[in-house]
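This note sets out a colleague's reading of the structure shown below. Please keep the model in view while working through the numbered points.

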Amino acid sequence: MDIPYTSKPRPDTGIYNAKVGIWLFLASEVMLFGALFSAYILLRVGAPEGTWVHGMLNIPIGTFNTFVLITSSVTVVLGWAALQLGNFQKYKFYQAITILCALGFMGIKSFEYADKFKHYEVWLKNPVTVMHGDKEVQTNRVLGHIEYDGKHPYFWNTRTLREKGIEGFKFEADPYHYTLSPKELAHAKSVSKGKPHVVLDIKTADVERLSAFVPSHSTYFAVYFTLTALHGLHVLGGALVIFYIWGPGAKMWKSDPLRYTNRVEVSGLFWHFVDLVWIFLFPIIYLL
Amino acid sequence: MQATTHTAAHHGAHEAHHHEPSFLQKYVFSTDHKVIGIQYGLTSLGFLLFGFLLMLCMRWQIAHPGETIPVVGKLLGSILRNMDGSLMMPDGKMTYDVYNIFGAMHGTIMVFLAIVPLAFGAFGNYVTPLMIGAPDMAFPRLNMASYHVFLLGGIVMFASFFIPGSAAQSGWTSYSPLATTVTTHGQAYWLVGMVLLITSSLLGAVNFIATIIQLRAPGMTWMRLPFFVWAQFVTGFLLLLAFPPLEAAGIMQLMDNVFGTSFFLPTGLAVGGRIADASGGGSPLLWQHLFWFLAHPEVYVLILPGMGIVAEVIANNTRKSLWGYKSLVFSALAIGFISFIVWAHHMYLTGMGTKISAFFQTTTMIISIPSVIILTCLFISLWGGSIRFTTPMLFALAFLPMFGIGGLTGLPLGFAASDIHLHDTYYVIAHFHYVVAPGTIFALFAGIYYWFPKMTGRMMSEFWGKVHFIGSFIFMNVVFQPMFAQGMAGMIRRMADGGLNYSKISHPDAIGGLDKIYIDLHTVILWGAVGLAISQIPFIVNLFVSIKKGKKVTSDNPWEATTLDWQTPTPPPHGNFTKEPVAHRNPYDYSLPGAAKDFTPQNQP
């Protein structure tokens with residue numbers, strides 16, 4: 001006996017096996033991301049005053065990436081629809097765009113990541129004077145970039161300073177801080193555009209804590225990196241499957257077109273889910 | 001079609017069409033649900049024994065704190081190493097760290113590597129497709145993958161004993177911040193192992209549910225499914241939807257342990273007298289919520305397949321239909337739904353607030369209703385039956401009062417007020433072990449004795465089966481019954497000296513110190529556990545000897561059962577059925593008036 005309903009729908013349920021499987025799998029994925037989103041809500045609501053980071057991500061790039069993913073969602077449907085009509089060439093074309101969009105998304109994301117890894121916050125023992133927009137302020141917490149030996153290093157933290165025996169470094173201070181309200185933050189960013197940064201000379205002895213914008217910087221960046229990395233893994237996985245079906249697995253179109261079309265449909269369902277996760281991720285992490 | 005009509009010649013002709021697969025294809029990379037079921041079964045039985053041996057060492061330590069462990073002490077002493085490479089217990093005396101490691105791993109192994117894979121992976125895989133009349137699972141290769149991922153998870157867990165610092169030691173619940181601040185690497189292995197095990201369960205759950213929805217034979221309507229299949233169906237949904245939040249929590253704890261985040265570390269956390277080098281702002285309570293969101297449904301993952309097995313065995317051995325089939329089915333479904341909203345009854349003492357406690361106390365009382373309905377239906381099913389006291393039936397019968405004790409003693413824990421006294425005492429251990437050990441494990445033994453002839457074509461020895469049963473039944477109770485008394489007297493769990501330090505033996509004048517008798521009960525429990533270990537020897541020998549030397553079955557249906565799993569050749573070939581089965585009737589048509597025999601198979605028109 002062969003396994004029934006591998007490509008033809010079962011009459012009483014109306015769908016074939018793999019489609020049941022993928023919907024069940026997506027249900028579990030909803031629970032996975034649901035738990036992470038719940039954790040985000042709980043941690044954000046319970047965050048102590050002045051510790052929740054906001055306004056540190058590049059919204060135009062994030063928006064562009066959102067459109068890249070939405071485009072791929074459209075092309076994945078167009079490709080499947082083309083296959084349903086028997087137009088294999090058109091399917092190849094649309095699905096190629098899907099794969100390119102996935103790669104584009106990941107490429108942009110990796111630039112965003114790298115940008116964060118050399119952006120620092122330093123907690124000082126004694127306050128210093130920096131600009132917040134057009135105002136001079138005294139503060140213990142400064143954002144900015146480290147300059148050491150003429151380079152902008154990545155991934156430094158308090159322990160790095162100790163272990164490398166660094167006595168001091170130059171710090172290009174940003175003219176804003178995430179503890180400002182969203183309105184003040186936007187104002188500070190706009191008025192200081194194009195103006196030179198204040199450069200501080202910081203002694204290691206004066207550093208309470210130093211951290212790049214990495215997961216251990218704060219709960220916000222922990223959530224940001226965990227969620228976007230997990231989403232990124234889903235994008236990679238989905239793109240890999242779509243690529244396999246599109247490229248090496250395309251022989252099946254000749255031998256079993258119905259099953260092939262189903263494969264495209266199932267991978268497309270997963271792809272839509274991955275996009276949907278991003279549609280939730282983008283506002284809560286970039287905008288709110 | 002009568003099952004007995006399949007002759008040996010018939011099988012031979014069928015198999016002749018296939019070329020002989022290699023050993024690897026047949027036993028390691030098999031996509032046949034029956035082979036995968038047996039793989040799951042043997043692996044999980046191995047882990048069951050291993051988890052039990054860990055516990056034996058712990059029981060020795062509790063009864064004889066600081067004395068050299070007999071037999072295995074020296075061996076353990078030469079294996080377990082500290083972070084700096086020195087031996088952890090060179091003289092064979094269990095240290096408190098080793099006790100914590102064994103405790104954490106006993107729980108983890110028993111739940112995730114023994115009972116779930118045995119109940120769901122092994123029986124679910126082997127029996128479900130046969131019962132619904134399917135040739136295999138819906139996704140055979142996914143099935144193989146889920147076993148391999150499970151095995152990998154098991155290997156990671158097992159290997160973690162041998163790394164410097166040894167395995168995880170923060171309890172099977174792995175509460176943060178303890179799990180993050182312990183300096184050994186065992187917890188990271190534990191988390192990676194868990195992520196693998198969860199992935200395996202998810203793949204398995206998707207496969208089971210899709211199989212039951214899609215591959216039911218013609219005529220096998222939902223209300224004609226054997227109760228075992230319903231139990232597996234609900235279990236599948238529990239695994240599918242409850243496990244991902246723990247996976248999320250596991251990922252977050254892994255981030256805490258490896259990348260220094262503070263998901264579960266609160267602001268101002270001090271470790272070893274110093275403020276921890278962490279951003280803070282996390283929530284320890286969040287871990288507990290996410291953990292118990294899985295771990296309570298997990299309780300039903302442990303018990304529902306057991307109930308399914310017991311229902312099959314009881315219907316078969318009473319020679320009558322199950323009483324209240326529909327009640328059983330709807331109760332199982334109700335348990336499935338309600339089990340998602342009871343988790344915080346494990347957390348009454350966390351300070352989450354009385355309003356939330358009141359809610360979870362209410363739902364907890366509600367979920368006991370369907371459990372009682374199931375147990376009652378099974379009890380009433382015995383009424384008026386002509387009971388055959390076979391080995392599987394003895395285990396199934398013992399399941400009923402044992403699970404009853406486990407369930408009823410859970411009620412005082414479900415009430416927030418009485419839980420204040422009982423929380424985290426030996427009473428809790430006794431309660432959930434009554435559910436899982438003499439409960440589920442007895443059901444699983446019943447299942448092994450019951451389906452063994454279908455898997456191998458030979459019977460297991462009835463005599464040694466009964467010896468196994470009597471020994472297990474007596475010693476299970478000797479082990480767990482005293483713990484109720486200890487717990488009610490206030491003995492706290494997880495103490496490496498069994499509470500000696502808080503007793504009147506150590507401090508005669510202590511107010512509220514434990515009386516000597518409760519400490520002495522540890523000795524009773526220890527010898528009960530040893531007796532339990534000895535009682536398993538007949539089973540282990542019986543299991544392996546019967547594969548080659550057991551009495552051959554004379555028909556494909558030696559128990560004269562009605563469900564489709566017995567209407568196949570023995571053992572079932574690849575593809576299971578020689579002819580597509582059609583279900584014509586209810587699953588338990590025993591002793592129909594006017595029928596030729598006292599059982600009418602489901603595929604008989």
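1. Helices and strands are DSSP runs, numbered from the N terminus: a helix is H or I with at least four residues, and a strand is E with at least two. In these terms, helix α5(B) is followed by B:G133, which has a positive phi near 75°.

2. The model is predicted: local features need pLDDT of at least 70, side-chain atom pairs count only at pLDDT 80 or more, and totals for chains, interfaces and linings use all residues. Residues are numbered from 1 along each chain as its sequence is written, chains are lettered from A and ligands numbered from 1 in the order in which they are written, and side-chain values use heavy atoms, with hydrogens and water left out.

3. Helix α5 of chain B covers residues 96-132 and has 37 residues. The expected span of a helix is 1.5 Å times one less than its number of residues. That rule gives 54 Å for this helix, and its end C-alpha atoms lie 50 Å apart, which agrees.

4. How much of α5(B) is buried? Buried means under 20% relative accessible area, exposed means over 50%, and partly exposed lies in between (1.4 Å probe, protein chains only). Of the 37 residues of α5(B), 33 are buried, so the helix is largely enclosed by the rest of the structure.

5. Chain B as a whole has 18 helices and two strands. Its radius of gyration is 25 Å, close to the 25 Å that the globule rule gives for 605 residues, so chain B is as compact as a globular protein of that length. The radius of gyration is taken over C-alpha atoms, and the globule rule is 2.2 Å times the number of residues to the power 0.38. The C-alpha trace of chain B spans about 75 × 50 × 50 Å along its principal axes, and buried residues make up 61% of the 605 residues.

6. Chain A contains eight helices and five strands, arranged along the sequence as α-α-α-β-β-α-β-α-β-β-α-α-α. A compact globule of 288 residues would have a radius of gyration near 19 Å, whereas chain A has 24 Å. Its C-alpha trace spans about 75 × 40 × 35 Å along the principal axes. Buried residues account for 50% of the 288 residues in chain A.

7. The contacts within each chain also deserve attention. Contact means heavy atoms within 4.5 Å. Among contacts with a separation of 6 or more, residues 24 or more positions apart account for 76% in chain A. The corresponding share in chain B is 78%.

8. Where the chains meet, 36 residues of chain A and 43 residues of chain B take part in the contact. The area buried between chain A and chain B is about 3,200 Å², and carbon and sulfur atoms give 73% of this. Buried area is the accessible area (1.4 Å probe) that two parts lose on being put together, summed over both.

9. Two peptide bonds in chain B are to be inspected. A cis peptide bond joins B:S176 and B:P177, with omega about 0°; B:P177 sits in the loop between α6 (140-159) and α7 (178-181). Another cis peptide bond joins B:T570 and B:P571, with omega about -20°, and B:P571 belongs to the segment after α18 (516-549).

10. Two residues of chain B other than glycine have positive phi. B:D424, with a phi of about 60°, is in the loop between α15 (416-422) and α16 (426-456); at 30% relative accessibility it counts as partly exposed. B:R494 has a phi near 65° and lies in the loop between α17 (462-488) and α18. With a relative accessible area of 42%, B:R494 is also partly exposed.

11. Lastly, A:P127 lies in strand β1 (residues 120-132) of chain A and is partly exposed, with a relative accessible area of 45%. Leaving aside neighbours within four places in sequence, A:P127 is in contact with A:Q138, A:T139 and A:N140. The C-alpha atoms of A:P127 and A:K164, which are 37 residues apart along the chain, are separated by 25 Å.
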